Amino acid sequence: RSSDLCYVMSFGRPGAPSPFAMMSPGQRPRHVNSPIDNTTESFPAVAAGTPAAGPAPTPARPDGIRRLDRITAIKIAVGALGFRIISVVLGFFINLAVDTKRAVTVFPEPTAFWDAFVHWDSGWYEGIARGGYTYFVDSRCNIAYFPVYPILMRYVGRSFGTYHAAYYFGGIIVSWVCFILAMVALYYLARLDLPRRQAERAVLLTAIFPFSFFFGVVYAESTF
């Protein structure tokens with residue numbers, strides 16, 4: 001109505017009272033700053049003891065997803081074992097095709113199959129597992145190698161005996177078991193940020209990387 005319009009427009013004149021000043025506190029809109037009387041209304045304070053709202057908790061994975069991850073982990077363990085077998089067969093045929101003189105052998109006489117598991121530093125690890133660390137002044141010695149792998153070689157190898165080949169067998173078992181466990185751990189680590197397919201791909205790329213051949217020989221890389 002015209003009377004209401006005149007009433008509203010009258011508040012724009014200098015000296016006119018603010019419409020918010022004429023309202024009761026409960027009727028005033030919140031967070032309104034009047035240009036006339038600088039009246040400001042804020043939200044009511046939170047009652048003491050009320051917990052502040054934090055970030056939403058991460059939802060737990062459903063049981064079905066966890067079960068599927070366990071099944072995938074078992075498949076990865078079996079696949080890692082199969083990959084190690086394939087690499088051994090490949091190494092065996094390479095030893096047959098290429099006649100190389102080896103400084104380290106599992107047995108006193110060279111064998112095309114077992115010698116695929118030992119290379120260069122394997123002899124140092126076998127010496128540490130069998131006789132411990134020794135230090136020689138101004139000469140090469142085995143104190144440069146970390147002790148975890150040769151210690152595991154010692155205790156696993158002694159189940160086969162105390163001859164040289166027994167410690168090499170222990171080193172092979174340690175390397176294979178550590179490689180399989182590492183592939184499973186890599187899958188679960190990748191699943192923290194990646195979908196299942198991409199986590200499986202990360203494991204596959206690690207397993208087929210050419211350097212991964214040394215994860216299955218008497219080397220300490222698989223324990224890292």
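Modeller: The structure holds 4 salt bridges, a salt bridge being a side-chain nitrogen of Lys or Arg within 4 Å of a carboxyl oxygen of Asp or Glu. The model is a predicted one, in which local features need pLDDT of at least 70 and side-chain atom pairs count only at pLDDT 80 or more, whereas totals for chains, interfaces and linings use all residues. Residues are numbered from 1 along each chain as its sequence is written, and side-chain values use heavy atoms, with hydrogens and water left out.

I begin with aspartate 69. Arginine 191 forms a salt bridge with aspartate 69, and their closest N and O atoms are 3.2 Å apart. Because arginine 191 lies in helix α5 and aspartate 69 in helix α2 (residues 63-97), this pair ties together parts that are 122 residues apart in sequence; helices here are DSSP runs of H or I with at least four residues, strands are runs of E with at least two, and both are numbered from the N terminus. Arginine 196 also forms a salt bridge with aspartate 69, with the closest N and O atoms 3.3 Å apart. Since arginine 196 lies in helix α6 (residues 196-208) and aspartate 69 in helix α2, that pair ties together parts 127 residues apart in sequence. Aspartate 69 counts as buried because its relative accessibility is 2%.

The side chains of glutamate 126 and arginine 130 meet in a salt bridge at 2.8 Å, N to O, and both residues lie in helix α3, 4 residues apart, which is about one turn of the helix. The two partners fall into separate accessibility classes: glutamate 126 counts as buried at 4% relative accessibility, while arginine 130 counts as partly exposed at 37%. Helix α3 spans residues 122-131. Not counting residues up to four places away in sequence, glutamate 126 touches Met153, His164, Tyr167 and Tyr168, contact meaning heavy atoms within 4.5 Å.

A nonpolar core is a set of buried Ala, Val, Leu, Ile, Met, Phe, Trp, Tyr and Cys residues joined through side-chain atoms within 4.5 Å, and of the 21 residues in the largest one, Tyr149, Met153 and Val218 touch the most other members. Helices α3, α4 (148-157) and α5 (164-191) each supply at least two residues of this core, and the largest share, 8 residues, comes from α5. Apart from this core lies another, of 13 residues, among them Ile76, Ala80, Ile180 and Val203. Val218 itself touches residues including Phe117, Tyr125, Tyr149, Met153, Tyr168 and Ile172, again not counting residues up to four places away in sequence.

A further charged group meets a ring. The charged end of arginine 84 sits over the ring of phenylalanine 179, 4.6 Å from its centre, the criterion being that NZ of Lys or CZ of Arg is within 6 Å of the ring centre and within 35 degrees of the ring normal.

As for rings facing rings, those of Phe, Tyr and Trp (its six-membered ring) pair if their centres lie within 6.5 Å, and planes under 30 degrees apart count as stacked, over 60 as edge-to-face and the rest as tilted. By this rule the count comes to 18 aromatic pairs. The rings of phenylalanine 211 and phenylalanine 214 form a tilted pair, because their planes stand at 40°, with the centres 5.6 Å apart. Phenylalanine 211 is partly exposed at 38% relative accessibility, as is phenylalanine 214 at 22%.

Residues 24 or more positions apart account for 51% of the contacts with a separation of 6 or more, and buried residues make up 30% of the 224 residues.

Terms used
Buried < 20%, exposed > 50% of the residue type's maximum accessible area, 1.4 Å probe, protein only.
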